[in-house]
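Reader: Please take me through this model and say what stands behind each label.

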Amino acid sequence: MNARLVERFRHCAALFGETARLMIGLPNYDRYVAHTREKHPEREPMSHAEFVRERQQARYGGSRPGRCC
Amino acid sequence: MNGLARQLIFIAVAVLGAFALGVVALRRDEAINALWIVVAALSLYTIAYRYYSLFLARKVAGLDRWRVTPAVANDDGLDYVPTHRHVLFGHHFAAIAGAGPLVGPVLAAQLGYLPGVLWLIVGVVFAGAVQDFLVLFISTRRNGRSIGELVRMEMGDTAGVITLFGTFMIMIIILSVLALIVVKALAHSAWGLFTVAATIPIAVLMGLYLRYLRPGRVGEVSIAGFVLLMLSIWGGGLVSQSPTLAPMFTFEATQIAWMLIGYGFVAAVLPVWLLLAPRDYLSTFLKIGTIALLAIAILFVAPQLKMPALTQFVDGSGPVWKGSLFPFLFITIACGAISGFHALICSGTTPKLIASETDIRYIGYGAMLAESFVGIMALVAASVIEPGVYFAMNSPAAVVGSDVASVAQAVSSWGFTITPEQLETTAKDIGETTVLGRAGGAPTLAVGMAQILHGFVPAFSNMGFWYHFAILFEALFILTAVDAGTRAGRFMLQDLLGRFVPMFRDTSSLPANLVATAGCVACWGWFLYAGVTDPFGGINTLWPMFGISNQMLAGIALMLATVVLIRMKRERYALVPALPALWLLVCTGSAGLIKLFSRDPAIGFIAQARRYQAAIAEGSVLAPAKTAEQMQQIVFNGYINAALTALFLAVMLSVLVYSLRVARQALKLPQRSDHEVLQAVGQAARSAS
């Protein structure tokens, strides 16, 4: 029972952290790495720092405002 | 739980909502508690979500749980990522919530709280959330294309270019009105200016830390930034009390306008990691945190509303903005009930993150309901402060005078009794020298929020801290919007100019970048400066223009939705978007025509320009202008505003013509003629699973 509660709490905390990061334009990094390894084994996935930098450029470097007034 | 019990619960919620709304609408002789409004709103949202959005999802759009979304088909872990619905809800809500739903209801409170509450609830259920839902649906079925591209796909090239141009004009008006709100809040306020200015070095420090010291650690750097922000509020309090430092941070409105214009240009050409991105992190988290805190505080404090349900200003004679309830209420409360700007977000990043089509109901319709609730909270915050203080803060000096004695007398004569001492005490409580001439919504909202939040944690804080916390909260995300908007506007301008001068197409070219950025800053800077120096106060001119442009874009989005439904051969549901589109056309059209042709110089742009022109010809100077130059400026502003309003109307009408034409052609065809993109990968995946 307790273990299940702890598990559930962890899951919620993880979702919460993921929400906070996506709010500022950062998708889940681990998922990105896993995806790249599986679907594009010939490519080396970006490091976490590169990933953050690439996402910043993508979020602010285009003609879509990305947020409301 | 069985179906019957479920239905009974929803019936109970509906009854509760109807009862609460009855209390809000009908109890006139006594002050009501803000919780009645909260309960009415939340129950009606629940019913609307449970029944109307289900109808939208199943019947109108026909969401298909098995259809593969762009996120699944193009999954790259970066732009296209199938995302957990709750996570995506947070992302989408953070993108649509902004200054609009906070400021509009505050300005609308001059009519009393009732008209605002009713429109926020009815508008979101039948118009705003419908628009967000349908645009998200249409974009998701077209690989996450933007609203301009969607219009081009479904209504033709010309309509697409017109929409793109309209979007650019809206950006300009939004940026200038947002910047004007900041200027109004920071003029003559050493505390406010210090705190807001401190966010620039804080953001740069965060940017450098994130780039060189601990690359990519956004969590820890955001927490550090938040601590520094709170310190800057505290530091601002010390600055405002220091006789040597306070004057260094006290500026006139025009000086702050120039600083903002310079800042906007520099911030838009600096690399994004240095200033824009870290500031965005701070403003996003502060925004969401403060909205949550305010919701909890309203529930705990349960404040009484002091503003009457209706004021005498429903006749159109109000001091904050001129014009009668119809159509100007629906222009003033722009976001919160319906916002055309959301069409940009719903056709931006969100459709590329939808994991399953059925999530569109929760994300598109649900997040917009939450946004409307933010508007309700802003209205509550504006209604819990003394109405006399509300009108003293928001009335232009031209109407009420500029010292506490004359303002108190003028406001009291309208029936909102207030003494000069009360106005002085309010200013002192919030750590400012004056509350007069603080139009624009943000300072009023900050006073209301300070009252509620101080009532929530009285032991630990003072009003001055919370007031400047609220100012910082608004200024921070407004400035982020100015940075990001200028950047986005620059790309839009390059895209538009590139159609005529190919050199501008190259977005990596530095000269093209600088010219386009300068062009964009000059556009909003011009309106900002005109607003700041406007003897009438600026907000009462710019906010209606913002409302008209924003509702115009919403009208375009809903017309697109109608056309798409007809092309899908779902014309029996076309009225679902067509009726709100018609309502917007009527509101925006009549507001625009009134602004253009009203003979009342207080309302009509042209009438006002003519009146001052006539006075110039006679060589006299009319109040509130004090010099011949100001007279010239009023005339010039009047004609510019008139031209712009006419342009907005022309954009809207031409899109209407295109949609009618396309809809007529589509009705004649026996088969579907829309341009949905089928995800090829999806078909394979479906048969495999």
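**Core, helix and interface**

Author: Beyond its neighbours within four places in sequence, Val182(B) is in contact with Leu260(B), Ala475(B), Ile478(B) and Leu479(B). In contact means that the C-beta atoms of two residues, placed from the backbone, lie within 7 Å. This is a predicted model: local features need pLDDT of at least 70, side-chain atom pairs count only at pLDDT 80 or more, and totals for chains, interfaces and linings use all residues. Residues are numbered from 1 along each chain as its sequence is written, and chains are lettered from A and ligands numbered from 1 in the order in which they are written.

Reader: What makes a nonpolar core here, and which residues have the most contacts inside the largest?

Author: A nonpolar core is a set of buried Ala, Val, Leu, Ile, Met, Phe, Trp, Tyr and Cys residues joined through C-beta atoms within 7 Å. Buried means 20 or more other C-beta atoms within 10 Å of a residue's own; exposed means 12 or fewer, and partly exposed lies in between. The largest such set has 251 residues, with Leu178(B) and Val182(B) having the most contacts inside it. Helix H22 (residues 463-498) of chain B gives the largest share, 20 residues. Another core, of seven residues, lies apart; Ala625(B) and Ile634(B) are among them.

Reader: Why is helix H8 of chain B called largely enclosed?

Author: 25 of the 30 residues of H8(B) are buried, so the rest of the structure largely encloses this helix. Helices are DSSP runs (H or I, at least four residues; strands are E, at least two), numbered from the N terminus.

Reader: How do you know that the span of H8(B) agrees with its residue count?

Author: The expected span is 1.5 Å times one less than the number of residues. For the 30 residues of H8(B) (residues 157-186) that gives 44 Å; the end C-alpha atoms are 44 Å apart, so the two agree. Just after H8(B), His188(B) takes a positive phi of about 55°.

Reader: Why is chain B called as compact as a globular protein of its length?

Author: Chain B comes to 28 helices and zero strands. Its radius of gyration is 25 Å, close to the 26 Å of the globule rule for 689 residues, so chain B is as compact as a globular protein of that length. The radius is taken over C-alpha atoms; the rule is 2.2 Å times the number of residues to the power 0.38. Buried residues make up 57% of chain B.

Reader: How many residues of chain B are in contact with chain A?

Author: 48 residues of chain B are in contact with 30 residues of chain A. H22(B) supplies the largest share of that side of chain B, eight residues.
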